[in-house]
Amino acid sequence: MDTSLSTTQSRPPGGGRSRSLSLSPQVLNIVGLVVAIVILCIVLSITAPHFGSVRNFYSILQSAADVGIIAWAGTLVIVAGEIDISVGPAVAFWSVMLAEMAGPWHLGLGVALVVTLVGGGLVGAFAGWLRAHFGVPSFVVTLGLWLALRGQAEFLTNALPVPIADNRFMDFIGGALPGGFPVSAVIMFVLFALYLFISRRTSFGRSVFAVGGNAKAAMLSGIKVARVRVLVFVGTGLLSAVVGIITAGRLTGGNATAADGLEFDVIAAVVVGGTSLAGGRGSMLGTLLGVFFIAIIGNGLILLGVNPFFQNVVSGIVIVGAVLINLVLSRRGARDAT
């Protein structure tokens, strides 16, 4: 977790003292993101109608919440040197399961909510267990889940929406507070604070960075690498279920085609935020900025009337650009350290 800001002193040939300021790659990335977001907001305020309105601000928050809630857990997965590409289908699957359990299966909404959350965590634990105990690459495991969860959701519903009867809790969870502030954004910020604490103040958070930096050295130092790997996937599974519940509340039902491409937005936000795909380096603050950077770009493209399919092109360019910047910063940091 390299977020240090350090100063170094050197003595010039003439005998005087000079101070040079060196910034870590993580700090450089965060500063760059803040500048990019400010420039983006200024440009869109001038070119995109209604970008600066309060209503549009709430719309950005709502879009950011869908990505951000999962991105907090996704950050720890990638810091641990793993990847989870199953979160988009997981959101759709759990929205469908919630609607089926609360409706046609007559289990009641309370039971349906508990089963959805527990089920999400168990699916994530299963992915982590396969990775940790059998050495199956996490990309392969979660690719299998990507296919299985999306396929099962479409099989259960024939790819048709499953409505949920009017319910005050679901209306609240998918709606907004008085004044228009999205409830999903409140959940996003609460979970951000929780994951920020976990990543910075707990032994588990430090273990995640150690495993991602060097799993063998972490194991020799007494860290239970398998348990860390399982728990980081429990996080993405559980928070995917949370977003599934929010999605069901917003859509007033389950939808097997919901959250299409969400997994790529999550990975893009985490990588843009400065988390290394090689593991061992990253920050929650960087991911928060990455989430808003992605949300603002998406919102701006919609307001400018850009073809929706072209938004995927922009996301792809952003991911590749962020990875390139990450590599440059990492190499520069390694060169400075020697």
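Helices (H or I, at least four residues) and strands (E, at least two) are DSSP runs, numbered from the N terminus. The model is predicted, so local features need pLDDT of at least 70 and side-chain atom pairs count only at pLDDT 80 or more, while totals for chains, interfaces and linings use all residues. Residues are numbered from 1 along each chain as its sequence is written, and side-chain values use heavy atoms, without hydrogens and water.

**Nonpolar core**
- A nonpolar core joins buried (under 20% relative accessible area, 1.4 Å probe, protein chains only) Ala, Val, Leu, Ile, Met, Phe, Trp, Tyr and Cys residues through side-chain atoms within 4.5 Å.
- The largest such core has 92 residues, and Ile69 and Trp72 are among those with the most contacts inside it.
- Helix α2 (residues 54-79) gives this core its largest share, 15 residues.
- Beyond its neighbours within four places in sequence, Ile69 is in contact with residues including Ser184, Leu239 and Ile246; contact means heavy atoms within 4.5 Å.

**Cavities**
- A cavity is a set of points on a 1 Å grid over the protein atoms alone where a 1.4 Å probe fits but cannot get out, and its lining residues have an atom within 4 Å of a point.
- The structure holds two cavities of 30 Å³ or more, a volume being the space filled by probe spheres set on the points, which are joined across faces, edges and corners.
- The largest cavity has a volume of about 70 Å³ and is lined by 14 residues.
- The second largest cavity has a volume of about 50 Å³.

Conventions: Buried means under 20% relative accessible area, exposed over 50%, partly exposed in between (1.4 Å probe, protein chains only). On a 1 Å grid over the protein atoms alone, a cavity is a set of points where a 1.4 Å probe fits but cannot get out, and a pocket is an open set with protein on both sides within 12 Å along at least five of seven lines; lining residues have an atom within 4 Å of a point.
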